[in-house]
Amino acid sequence: MASGVRLGRCILHRWSPELGDPTVLGWVTFGAYGLAGLLCLAAFTRAAPPAIRRLGWCTGLLMLALMANKQLDLQSGVIAVGHCVSTAQGWYEHRQSFQAVFILALMAGFAAFGLWLLWSLRRHLHRIGLALAGLGLLMGFVALRAAGFQHVSAILPDELAHFRAFWTLELGGIALIALNALVALRWQR
């Protein structure tokens with residue numbers, strides 16, 4: 001019980017919920033996630049094939065979750081938990097190996113999931129191809145951000161690593177998903 005209390009104190013010391021990105025671009029991205037999520041729920045949940053309905057629900061809910069995370073900065077809480085647990089268990093000084101395995105596993109998981117999505121939805125690519133491309137960009141964004149949190153982005157110039165690549169991947173992915181949902185809504189009329 002005492003170790004759980006110490007762990008909780010460590011986490012609360014290292015992280016507290018607050019606005020994660022209170023910039024104009026942060027709020028634009030927050031709104032874009034919300035709009036894309038609502039468009040997906042409106043457009044793809046009424047689509048005839050069950051596979052497209054499932055993708056629409058999952059994508060819509062994912063966009064809304066990413067919208068909440070954009071300003072709640074939950075990934076920083078996860079990093080704080082990792083730091084506190086690794087310190088408490090005595091392997092913090094060896095964290096780079098764990099971080100490298102985590103990043104590689106994340107990238108492999110995203111690649112496998114993307115290939116599975118493409119294969120299982122191949123008959124519907126003409127209707128959901130833009131949304132799948134947008135999800136791919138968002139998976140790339142998440143992978144780059146995860147690598148950036150682990151200082152892998154040090155090999156990229158700061159301007160590229162922290163603005164252009166992230167902004168392009170994140171907002172580009174959201175835009176493709178929203179555009180696909182708008183096209184789907186138009187087809188339904």
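The accessible surface of the protein chain in this predicted model amounts to about 11400 Å² (Shrake-Rupley method, 1.4 Å probe; for residues, only the protein chains shown count as cover), and carbon and sulfur atoms hold 70% of that surface. Residues are numbered from 1 along each chain as its sequence is written. Local features need pLDDT of at least 70 and side-chain atom pairs 80 or more, while totals for chains, interfaces and linings use all residues, and side-chain values use heavy atoms, leaving out hydrogens and water.

The chain folds into seven helices and zero strands (DSSP runs numbered from the N terminus: H or I of at least four residues for helices, E of at least two for strands). Among contacts (heavy atoms within 4.5 Å) with a separation of 6 or more, 80% join residues 24 or more positions apart.

Val24, Leu25, Val28 and Trp167 make a nonpolar surface patch of about 370 Å². Patch residues have over 30% relative accessible area and no salt bridge, with nonpolar side chains (Val, Leu, Ile, Met, Phe, Trp, Tyr) joined within 5 Å and like charges within 9 Å; a salt bridge puts a side-chain nitrogen of Lys or Arg within 4 Å of a carboxyl oxygen of Asp or Glu. Helix α2 (residues 24–44) gives the largest share, three residues. Trp167 belongs to helix α7 (residues 158–188) and is partly exposed, at 38% relative accessible area.

Val142, in helix α6 (residues 125–149), is also partly exposed, because its relative accessibility is 32%. Leaving aside residues up to four places away in sequence, Val142 touches Leu106 and Phe110.

Methods. Buried < 20%, exposed > 50% of the residue type's maximum accessible area, 1.4 Å probe, protein only.
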